[in-house]
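Keep the view open as you read.

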Amino acid sequence: MRREPFYTFGLRGQLGTISAAKAQRLPARMVELCDELGDTWGYTLFGTRTIITRDHRNIQAMLATQFDDFGLATDRDSMHQLLGTHGIFTQNGSSWAASRALLRPSFDRAQVADLDRLEIFFERLRQRIEDDATGCIELQNLLQKLTMDSSSDFLLGSPVGALASEESGSGVNVQNFTEAFDIAQTVIATRWVLSNLYWLYNPKYFQQACSVVHSQVQKYVNRALKLRSSSPTTTTTSTTSTTPKKRYIFTEVLAETTQDPRVIQDQVLSVMLAGRDTTASLLSWTVLCLSRNPSVFQKLRAAISETVGVDSSARIPTQAELRSITYLRWVLHEVLRLYPPLHANTRCPIKPTTLPFGGGPDGTAPIALRKGEKVVASFFALHRRKDLYGSDADEFRPERWGEEKLRKIGWGWIPFNGGPRICLGQQMALTHASYFLTRLLQVYSVLEEDPGVKGLEVRYDTKITMYSGRGVRVRLG
């Protein structure tokens, strides 16, 4: 394994990485360093060695074949103030396994495919777009509000009202909840970079933001527990031939299994982070890519038109119809390749172990790892490897997903993580993104990038989830 020189990383280089994050170039910096130093390389900072890898074989070992040798890195501790310690996103070992068994039934295809509910939120999004008189609209912010409402509707039983206009009023303090959730993630991104020293950065406004989020979610948790206690012998999903099927509400179903309000709250926040932000990130990057690639936009709209119509002939798509639009799947796969919602993932060995490749003078030998060292897998850099995706790996070309070379890409494409900890919400994210994107293209025949930002270098807003650092400013018509 090649070790980077002091000037590349080390303490001086770590400060450079923080600067790259502030300049919204952190994922791109990882690609540059891997191009210079190799697919797997390492550095030592404050006595702890960290391995950076974009080798899919090492990533598969860490996340799957040697899964039991690794645990979450201490980076996740920086999230505890927002997400708690009883949710699947921050748990290890048997606690994580119990959470996964608890949550898995909630994310089967039937539960996440309530498209009638999604249409309600699309119409609200459409109204917000139509109400904007500026010509060009910042769509990323609206897409985050859209997915906040759709995910909270699934999780809590009603939307938090993020898409509602400021004048409309709602049952919760909408601005506080949505903004607090985003503020907390911004602070967590900085705490993550600080690694074991995350606790040094704990501003008052971060504590207040976490408090706002918790107090709002607790209202819904208490409502679910109260409903459970008032009808202890009935389940929220049971139906008879004479009663209509009851709508699936995550908190109410979870309350049938556990009556611990802290457990329900932490699980809701973990799933909200995964469901809301993964979908919003995917939609935002997709709209940006389509606005910069008009031929892809027209080809996708034609594919949608052929299946479910557009403009006056448009009809509400079914889940089966969404799955049948092959080019839609290719577009989403390509966006997830270039702009994975989670640009990197970190693990720590919980006992002495190895990575299978990257050691020795030619990088073909294993790397010995001590307990407590850190391994960072850069999904962003992995997905841009030219030996896997060709010389045009940095280009947006959805057609590559119809080529024979990518039929067996396997661990070369892992936008939703992989192995036992693969994202439970991936089907939810893909279903919601497919639906909202299809409806958007059914309604609008024009999607153009704002001339004020057209052609500018892409920037990366790397909170917990990766967004466009410049937003998504487009004209729809």
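## Cavities and cysteines

Helix H5 (93-103), helix H11 (261-292) and strand S6 (344-349) each give at least two residues to the lining of the largest cavity. The model is predicted.

Q: Which helix supplies the largest share of the lining of the largest cavity?
A: The largest cavity is lined by 27 residues. Of these, 6 residues form the largest share. They come from H11.

Q: What is the volume of the largest cavity?
A: Rolling a probe the size of a water molecule over the atoms shows where empty space is left. The structure holds 3 cavities of 30 Å³ or more. The largest cavity has a volume of about 450 Å³.

Q: Which residues lie nearest the centre of the largest cavity?
A: The lining of this cavity divides into 16 nonpolar, 7 polar and 4 charged residues. Nearest the centre lie Phe89, Ala274, Arg421, Cys423 and Leu424.

Q: How many charged residues are in the lining of the second largest cavity?
A: About 90 Å³ of space lies in this cavity. Its lining includes Glu449, Glu457, Arg459 and Arg473. By class, the lining has 4 nonpolar and 2 polar residues. The charged residues number 6.

Q: Is Phe107 buried or exposed?
A: Buried means under 20% relative accessible area. Phe107 has a relative accessible area of 7%. So Phe107 is buried.

Q: What distance separates the C-alpha atoms of Phe107 and Leu424?
A: Along the chain, Phe107 and Leu424 are 317 residues apart.

Q: How many disulfides does the structure hold?
A: A disulfide is a pair of cysteine sulfur atoms within 2.5 Å. The count for this structure is 0.

Q: Are Cys210 and Cys289 buried or exposed?
A: The cut-off for buried is under 20% relative accessible area. Cys210 has 3%. Cys289 has 5%. So Cys210 is buried, and Cys289 is buried.

Conventions. Residues numbered from 1 in each chain as written. Predicted model: local features only at pLDDT ≥ 70, side-chain atom pairs only at ≥ 80, totals over all residues. Heavy atoms only, no water. Buried < 20%, exposed > 50% of the residue type's maximum accessible area, 1.4 Å probe, protein only. Helix = DSSP H or I, 4+ residues; strand = E, 2+ residues; numbered from the N terminus. 1 Å grid on protein atoms, 1.4 Å probe; cavity = no way out; pocket = protein on both sides within 12 Å on 5 of 7 lines; lining within 4 Å. Points joined across faces, edges and corners; volume = space filled by probe spheres on them. Nonpolar A, V, L, I, M, F, W, Y, C, P; charged D, E, K, R; others polar.
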